[in-house]
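Q: Hi! Could you walk me through this model? I'd like to start with the charged pairs.

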Amino acid sequence: MIPLYAIFGLLGILMVFLRYSLWRRNYSQLMPGKRPWFFNIFGDLIEIWTAKSVPLGIMELLRKRAELFQKEKIFCIWAAYIPFVFFVRADVVKELLKNNKLNDKSWVYEWIQPLMGKGHITSSYEKSKPRRKALVPCFHSDILRSFVPVFSNEAQKLVNVLQKETNKDFIDIVEPVSLCAVDITCETLFGITIDALGNKDLKSPESFSRASKIYMSKIISPWHWIDIIFRNTKVGKEFHYNCDELQKLTRNMIEEKKKRYLRGEKATQVRKHKALMELLLDGQELSEEEIEEEMNTFALAESSRLYPSVSLFARQVNEDTKINGYTIPRGASCVVCTYYLHRDPEIYPDPEKFDPDRFLRENRINIPEYAFVPFSVGPRNCIGFKYAEIESKIIVTQIVRNFTVSSLDERDKIKLMLTPTLNPHIPVRIRMRSRLDQSY
């Protein structure tokens with residue numbers, strides 16, 4: 001005979017299941033997207049799980065849905081009973097980002113705090129406002145100009161490293177460029193030189209890459225959403241190990257900088273620029289803990305400069321909200337999918353074609369507002385986007401000035417993975433030859 005408590009327990013589970021299934025069915029009728037079968041507990045996640053890898057599966061699912069619901073402009077993907085609503089057209093992105101009630105980041109950003117810290121990128125809107133106020137002056141044009149010699153010097157070190165690779169048939173440029181970005185980050189943000197390019201044992205780029213991939217797999221694994229369970233799994237322990245390695249690097253640099261600062265060793269004649277941390281310490285608008293959180297934000301973001309800018313960013317819906325006539329439920333995450341937003345064929349004809357002329361002054365006026373948002377936009381945009389632009393331009397200029405560069409792989413042969421930045425699924429084979437060597 002089945003115990004009475006077991007019967008009531010099963011009935012309780014059944015009632016919860018029916019309640020959430022009915023709720024999902026009702027709201028799935030109010031938004032574009034495929035409607036999960038009533039008894040399908042996992043929703044659209046099954047389609048990702050059947051792919052060769054999670055990052056590839058996510059990109060493939062997004063591609064299919066973006067094509068299917070291009071006219072509807074938004075579409076919903078159900079992670080079990082949690083709705084993620086993706087925005088792929090400029091007018092609906094504008095409607096989303098101009099809504100002052102939708103300034104909080106999605107709840108999934110909380111999971112990346114061990115990796116990115118609790119800085120303004122992952123924090124609530126109310127917490128981020130005073131921090132942004134303290135940080136924005138640190139990226140004034142005059143301060144950014146003072147960083148240019150550092151960008152140039154580190155880019156030249158990268159060129160020196162790449163010169164040694166020109167006798168090879170091809171190289172994977174990911175590692176040297178990543179390490180160059182780490183060197184620039186540490187010098188400009190902390191005022192500390194670590195020579196990552198010359199340090200083959202530096203773990204931070206690999207730790208960031210691995211932790212990012214695990215973070216994406218957690219999003220599509222509901223059994224990992226409960227932190228106490230996730231922390232005790234093999235993959236959870238690996239995630240926190242890699243996050244700890246990155247946090248350790250940040251803390252060590254902050255401690256070193258604090259010691260120098262307290263000794264009165266501020267910007268010297270040799271180093272004429274002030275590092276971001278010195279500017280924050282001078283301003284005294286952030287506490288020591290808040291400074292550490294913001295340093296984590298910038299250092300870790302800049303350590304992966306070779307990847308594209310923000311490919312996805314999400315906002316939390318705290319009450320039922322209508323956008324473009326569709327009702328988006330409380331608790332949903334509204335995700336701007338910049339990768340497909342920037343491929344809208346009505347705005348960018350032949351969207352896969354590389355055509356720099358699209359952004360000539362006379363052509364740029366044809367690009368609608370919110371159709372090009374590589375660093376987000378509005379009160380939660382990336383405040384360091386000018387820093388990133390200058391850094392990228394100087395590194396690329398130094399490379400093309402010194403080398404001829406060609407890829408051995410065609411673009412359509414390389415698939416993209418979302419981890420959460422975009423990455424190639426295989427190493428991109430780059431052939432580099434010195435412009436000074438005429439023997440090639």
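Q: How many salt bridges does the structure hold?
A: There are 22 salt bridges in the structure, where a salt bridge is a side-chain nitrogen of Lys or Arg within 4 Å of a carboxyl oxygen of Asp or Glu. This is a predicted model, so local features need pLDDT of at least 70 and side-chain atom pairs count only at pLDDT 80 or more, while totals for chains, interfaces and linings use all residues. Residues are numbered from 1 along each chain as its sequence is written, and side-chain values use heavy atoms, with hydrogens and water left out.

Q: Nice. Which residue meets Asp344 in a salt bridge?
A: That's Arg89, at 2.8 Å from N to O. Asp344 lies in the loop between helix H14 (338-341) and helix H15 (361-364), and Arg89 in the loop between strand E2 (82-87) and helix H4 (90-97), so the pair ties together parts that are 255 residues apart in sequence. Helices (H or I, at least four residues) and strands (E, at least two) are DSSP runs, numbered from the N terminus.

Q: Is Asp344 buried or exposed?
A: Buried, with a relative accessible area of 2%. Arg89 is buried too, at 9%. The cut-offs are under 20% relative accessible area for buried, over 50% for exposed and partly exposed in between (1.4 Å probe, protein chains only).

Q: And what does Asp409 form with Arg429?
A: A salt bridge, with the closest N and O atoms 2.9 Å apart. Asp409 is in the loop between E8 and strand E9 (416-418), and Arg429 is in strand E11, 20 residues apart. Asp409 is buried at 16%, whereas Arg429 is partly exposed at 31%.

Q: Switching to the sheet: in what order do the strands come?
A: The order is E3-E11-E8, in an open sheet of 3 strands with antiparallel pairing. Strands E3 (171-172) and E8 (403-407) stand at the edges with a single partner strand each, so one side of each has no neighbour in the sheet. Two strands pair if DSSP finds at least two bridges between them, and 2 bridges join E3 to E11 (residues 429-434). Arg429 turns up again here, standing opposite Asp172.

Q: Which helix packs on that sheet?
A: Helix H7 (residues 141-163), which touches E3, E8 and E11. Its direction makes about 70 degrees with that of E8; axes are lines fitted to C-alpha atoms, for helices over the stretch in contact (heavy atoms within 4.5 Å), and angles run from 0 to 180 degrees between N-to-C directions.

Q: Last one: how much of the chain is buried?
A: Of its 440 residues, 48% count as buried.
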